[in-house]
Amino acid sequence: MPGGSTSVTGFWSPGVPVSEPPLLELAGIGRSFRAGSSTTHSLRDISFNIRRGEFVGIIGPSGAGKSTLLNILGLLDSPTAGAYRFDGVDITDLGENDRDRVRNEKIGFIFQDSHTLVDETAAENVSLPLKIRGATMGERRRVARTELRRLGLGHRQGEAALNLSGGERQRVAIARAISTHPALVLADEPTGSLDSASSAHVIDELRALNTTGTTVVIITHDRAIADRTDRCIELLDGRVAADPSVDSRAETWTAARAKPDSAAAWVDAPASAPALEKRRGSTCARFGRRLLAEAFDAISAHTANLGRTVLLLAAFSLGVGGLVCAMGVSQSAASQVSDQLTQAGLDEVVAQVSASGIQLQDFDSDSPLPTHRTVTELQGVIGAAYAARVQTADARPRLLRAMPAARFDGDILVAGPAYLAIQNAVVWPTNAGRLLSNTWHGAVAILGKDAAAAIGVADAGPGVRIWIADQPVDVVGLITAPGRTPLLSNTILLSPEAAVGLAPEDARLIVRTAPGMPAAVADALPPAISPGNPPAVTVETVADLRQLRHGVSADLGILIALVSALLLLLACLTSAVAMYLSVRSRRPEIALRRAIGASRASIWRLFTVEGLTVGLGGGVAGAALGLMAVVTVCAVQQWTPVLDLRIVFVGIGIGAASGIVSAVYPATAAARSNPALAIRA
Ligand code: ADP
């Protein structure tokens, strides 16, 4: 091994051969931090070796650089000067993934705070490094059981870390650190938060661990702890102030560092990678197990914070539910309109007649205009009825004369009983339609249900009266079923007498034909209605109606989809914020995972899978909610619901995609976090 020291130093376990190269070799290590124009030199020219099996203390006052040194020894940070060789491999040139691997396989960390995952059991905490490594469930259980028993916690395996005492948690942290049988255990103030009895216990455990051949380095500011180690290196102002093992100072091996394939040597050198050989199964299977374990971790993060998860699920399900509802309702509406128009296209023709020549007093199909008779005599015509629309602004419908006009946005039509009959509308009382005929010479109205509600009319019959254009009008009936034209629910039908003084806006002749006859009737209508000037009559053809259908469904769909997309965007934002806050609150956990070897990619996946699962859950719940909303809306509107199951899959897909999108930034932030800084946060 190039540059490896073979000198006898006296600080290694009796079983370790003298010729074995040091486990750690530091030569002229420096670490400085730049903040703006100033530079802090936390470590300067640190050189020492630590042999396998040593039990070393690193002591120094606060600010001496102990934690900075630990971060470098533990590959959580890189030196800005000098060279560091771990187990014979130059670390300085090692890529990030290889460093993660070295940490996972060769180093066990114990921190001042145990950094146990409080919602997980003691056994799960202990086996975390093995999980990151992709070990099988059986192996993880076996190792956790053995290590916890070794530390006297065999009876607490299934206990959540939350319920363990501080001393017990620190013993769990020791078990976690040694679960992978690392070559080096680094302990940073491991007794800092413990009472003296627990402290002594922890140091005893570390001593016992050392007797099995594991190299242990304890960082402390406590002289009593340091005195219990075999060799105590003192740091002061970032320099080694005292080291009893001066002989073990690193020989100059800077020349050896230049070797370009030092990183590859890590993997190639069989002596330095025994742990690799111990791994079970193919790389592929291990990766699969790792992914599975990450997915489980992501899901258990949801159960650990139920309140947050429920809120996120609600946000996503609202967004997705809105979209599914939008799609379902617009499809149902389109199909409804389509059905009506297809039906109308088969047996209905509508002629627009110039309103100027028509007197409303004459406007009643029960005392037909001459043209009406001509039309009904045309071949294929079953019936015909006129309806003239008057301006709502002129009519100013209201319940009491003294009241302001009602907020009514429907149509006001002057029509006779024939119009109600041709629309198949049902009126209550059943004979009320007859009263619209001007042979009664009464100013009467029949109201659709929605129109009645808008004006404030609850019932129809003697004494019920509304005001149209400042004239009293008796309400003689209500439309209970609008028949072929749903718009009739929001329509006021007036007798000609009730519309005296109102100018007709347009007049329409609705012609019902025998099935399949509309085209022929459409051609014959203009000359029949207006022999002198046929072009004055506009006939709405089936093609016009079809265009209208597309217009209606497209507009409705776009509107609802826009609102839902906005909802979903809000859900994404809410989730991203919640996820980001969760990333911040879980910084110690993320740092721990990184410290024990989880790669940045693995941390990124963890949070992305969290986003994906919550989005997916929200998507499923939203799809169910959306479908229920479609059924409810259709029931209220008396439409036949169109439930296209593809919408459900689209909704779930959109939920999952939104979940991932919302997690990308928080996941990236988590993956980028520096474990050396976060572990101390
Ligand atoms: P100890 O662990 O012995 O208390 P540290 O290693 O934490 O000491 O710090 C040594 C010196 O390095 C201190 O002056 C500290 O302010 C500085 N230092 C440590 N980490 C950083 C950092 N990330 N940025 C800037 N200065 C740092």
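This is a predicted model: local features need pLDDT of at least 70, side-chain atom pairs count only at pLDDT 80 or more; totals for chains, interfaces and linings use all residues.

Biologist: Which residue in the turn between strand 9 and strand 10 has a positive phi?

Modeller: Strands here are DSSP runs of E with at least two residues, and helices are runs of H or I with at least four, numbered from the N terminus. Strand 9 (residues 231-236) pairs with strand 10 (residues 239-242) in the antiparallel sense over three bridges; pairing takes at least two bridges found by DSSP. Leu-236 stands opposite Arg-239. The two strands form a hairpin with two residues between them, and the one in the turn with a positive phi, about 50°, is Asp-237.

Biologist: Are Asp-243 and Arg-231 buried or exposed?

Modeller: Their side chains meet in a salt bridge at 3.1 Å, N to O; the term means a side-chain nitrogen of Lys or Arg within 4 Å of a carboxyl oxygen of Asp or Glu. Arg-231 sits in strand 9, and Asp-243 in the loop between strand 10 and helix 9 (254-257). Buried means under 20% relative accessible area, exposed over 50%, and partly exposed in between (1.4 Å probe, protein chains only). By that rule, both Asp-243 and Arg-231 are buried.

Biologist: How many residues apart in sequence are the parts tied together by Arg-600 and Glu-96?

Modeller: Arg-600 forms a salt bridge with Glu-96, with the closest N and O atoms 2.8 Å apart. Arg-600 is partly exposed at 29% relative accessible area, and Glu-96 is partly exposed too, at 35%. Arg-600 lies in helix 21 (residues 600-637) and Glu-96 in helix 2 (residues 96-106), so the parts they tie together are apart in sequence by 504 residues.

Biologist: Which side chain of opposite charge is nearest to Glu-189?

Modeller: Glu-189 is in the loop between strand 7 (184-188) and helix 7 (196-211). Glu-189 touches residues including Gln-112 and His-221, leaving aside those up to four places away in sequence; contact means heavy atoms within 4.5 Å. For charge, Lys and Arg count as positive, Asp and Glu as negative, and His and the chain ends are not counted. Glu-189 is buried yet has no salt bridge, and the nearest side chain of opposite charge, 4.6 Å away, is Lys-66.

Technical notes. Residues are numbered from 1 along each chain as its sequence is written. Side-chain values use heavy atoms; hydrogens and water are left out.
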